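I am opening a notebook on a structure I have not looked at before.

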Amino acid sequence: MPLWLKIVTGILAVALAGALAFAGFWFLRLQNNISKAPLNAGGGGSEVPDDAKGRLQILILGSDTRDGKNSKYGAAEDSTGYGNSDVMMLMDISEDNKRVSVISFPRDLLVDIPECRDPGSGRTFPARSGVMINEAMAEAGIGCAVDTVNEITGLEVDHFMMADFNAVKELSNAVGGVEVCISDAVYDPDSRLRLPAGTSSVQGEMALAFLRTRHAFADGGDLGRIKAQQGFLSSLTRKIKDEGTLSDPPRMLKIADVVTQNLTVDEGLASVPTLLTIGTRLKDIDVSKVAFVAVPTRPAESDPNRLEIAEPAGSQLFAAMRKDVDLTDPSAPATPSPGATPKPTAPKPTTPPASPYDKSLQPVAVANGTGEPGRAQEIVEAVIAAGFTQASQYEAPAVEQSVVYYGPDFADVAPDVAKIFGIPAAQILPADGVYGVQVYLGTDFPSGVKYGGVALPKDIVNQTAKDSTCQQANPALIVQE
């Protein structure tokens, strides 16, 4: 072998050995950093998800534990057992990796917590009603928080990630600070947040104070705090995307090192390759499709200082999520299931067929059996807009299923009325006691004008990661600069 070839071969061998050693060092370091806990606490469990593809839901928790590095933020008795979830967000990644929804649950939200078993002690805790959601993991561990979210939403959480106070400080330092905005200069003596009016870059202790403060924003409640957290995460997302962090291995290693040192995950997520797989899925998502949402709430009847899920808005949100609806564009079709064959679409006629009757002369009544007062008005307006101007409405006893009834001589009119709302043919029935056509609304049609569709509360999305928002300061904590 020529001397030059021996030299080149030797250099390549040393370089390869060095690269392997470097990769092995980082793999072991990151793997040893990770702490893990069971995904569920109620004896159940979902199928093992395919983290590389398919829809993925990850519950993100912020613990208020005062153990170890967190002892400076209070005494151990300030957080009992496993600690309360100071932050609770459900991250929902679509199957096609084109959108992410992040749903925030206020920690003051009163919910029902299912029976949970502590995997450490083996002790079983009975189900409880009307309990603050942040207490779900305090006794039986993180899996109980997962089970609680599953029960509330009707979804099946695939993974969880729980970080403590120190993780926020270290992450904000690793990215070189996160830009936040506030309307006025503010000082909160409890969290020690002190910021001038306008935009500031926060990291370390100040980043943690921004996320922890209970009083600095809006009216000093938890909902203002949630909007500030969402604004912080939006800014962090834009920074990571703009700087190409997810495609920069050295920077990713630095961030992964500080995050994994302060992270607890479920067993299915407790490997470096899995975490990298999820990071890879997120790197190309358009920031305008990263939607931040808060669960719709209202003051609780049992305690005005607490919150409860506002209905029907809460059920509408969870139904939309179960159907995998794009919350930034509810009219867009949901992500198709794997292997699904698109249905062929019929060509649209150039001119609509002439009606065999005069729509303006057909009597159409809307009976509101939804249990929601005033619900019929929206349906009547749709009937009139379709040309059936002889429309009326009235309140009726509640029924479960919506039906279009028709009287003698109106069999040809009823299908056209039902078509306005997408009510299926099986729910178009004759009725001797009906004159004309009657649209009897049931509890299965609580909102909107499309039967079986997904109705969402207006402005359900607080912001997307594309939006730069400025938090409104709590007037009680505004200071003169």
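**Entry 1: Ala218**

I started with Ala218, which is partly exposed at a relative accessible area of 34%. Ala218 sits in the loop between α5 (205-212) and α6. Its phi is near 50 degrees, a positive value in a residue other than glycine.

**Entry 2: Ground rules**

I noted that this is a predicted model, in which local features need pLDDT of at least 70 and side-chain atom pairs count only at pLDDT 80 or more, while totals for chains, interfaces and linings use all residues. Residues are numbered from 1 along each chain as its sequence is written, and side-chain values use heavy atoms, with hydrogens and water left out.

**Entry 3: The chain as a whole**

I looked up the secondary structure and found 11 helices and 23 strands. These are DSSP runs, numbered from the N terminus: helices are H or I with at least four residues, strands are E with at least two. The chain has 481 residues, and 47% of them count as buried.

Next I checked contacts, meaning heavy atoms within 4.5 Å. Among those between residues at least 6 apart in sequence, 74% join residues at least 24 apart. The accessible surface comes to about 23,800 Å², and carbon and sulfur atoms hold 56% of it. Accessible areas come from the Shrake-Rupley method with a 1.4 Å probe; for residues, only the protein chains shown count as cover.

**Entry 4: Arg192**

I found another positive phi at Arg192, about 70 degrees, and this residue is not a glycine. Arg192 lies in the loop between β11 (186-188) and β12 (193-195). Is Arg192 buried or exposed? It counts as exposed, at 64% relative accessibility.

**Entry 5: Helix α9**

I then turned to helix α9, residues 313-322, which is mostly covered. Seven of its 10 residues are buried. Among them are Leu317, Phe318 and Met321. What covers the buried residues of α9? The cover includes strands β3 (85-93), β4 (100-104), β15 (290-294) and β17 (307-309), along with helix α3 (142-153). Just after α9, Asp324 takes a positive phi of about 60 degrees.

**Entry 6: Cavities**

I searched for cavities on a 1 Å grid over the protein atoms alone. A cavity is a set of points where a 1.4 Å probe fits but cannot get out, and lining residues have an atom within 4 Å of a point. Grid points are joined across faces, edges and corners, and a volume is the space filled by probe spheres set on the points. The count is four cavities of 30 Å³ or more.

Of its 13 lining residues, Asp86, Val87, Met88, Phe105 and Gln229 are closest to the centre. Strand β3 provides the largest share here, five residues. The lining splits into six nonpolar, three polar and four charged residues.

**Entry 7: Disulfides**

I ended with the disulfides, each a pair of cysteine sulfur atoms within 2.5 Å. There are two.

Cys116 and Cys144 form one, with their sulfur atoms 2.1 Å apart. The S-S torsion of Cys116 and Cys144 is about 80 degrees, so this disulfide is right-handed. Cys116 belongs to strand β6 (residues 116-117) and Cys144 to helix α3, 28 residues apart. Both Cys116 and Cys144 are buried.

The other joins Cys181 to Cys470, S to S 2.0 Å. The S-S torsion of Cys181 and Cys470 is about -65 degrees, so this disulfide is left-handed. Cys181 is in strand β10 (residues 178-182) and Cys470 in the segment after β23 (461-464), 289 residues apart. Cys181 counts as buried at 15% relative accessibility, whereas Cys470 is partly exposed at 42%.

Technical notes:
Buried < 20%, exposed > 50% of the residue type's maximum accessible area, 1.4 Å probe, protein only. 1 Å grid on protein atoms, 1.4 Å probe; cavity = no way out; pocket = protein on both sides within 12 Å on 5 of 7 lines; lining within 4 Å. Nonpolar A, V, L, I, M, F, W, Y, C, P; charged D, E, K, R; others polar.
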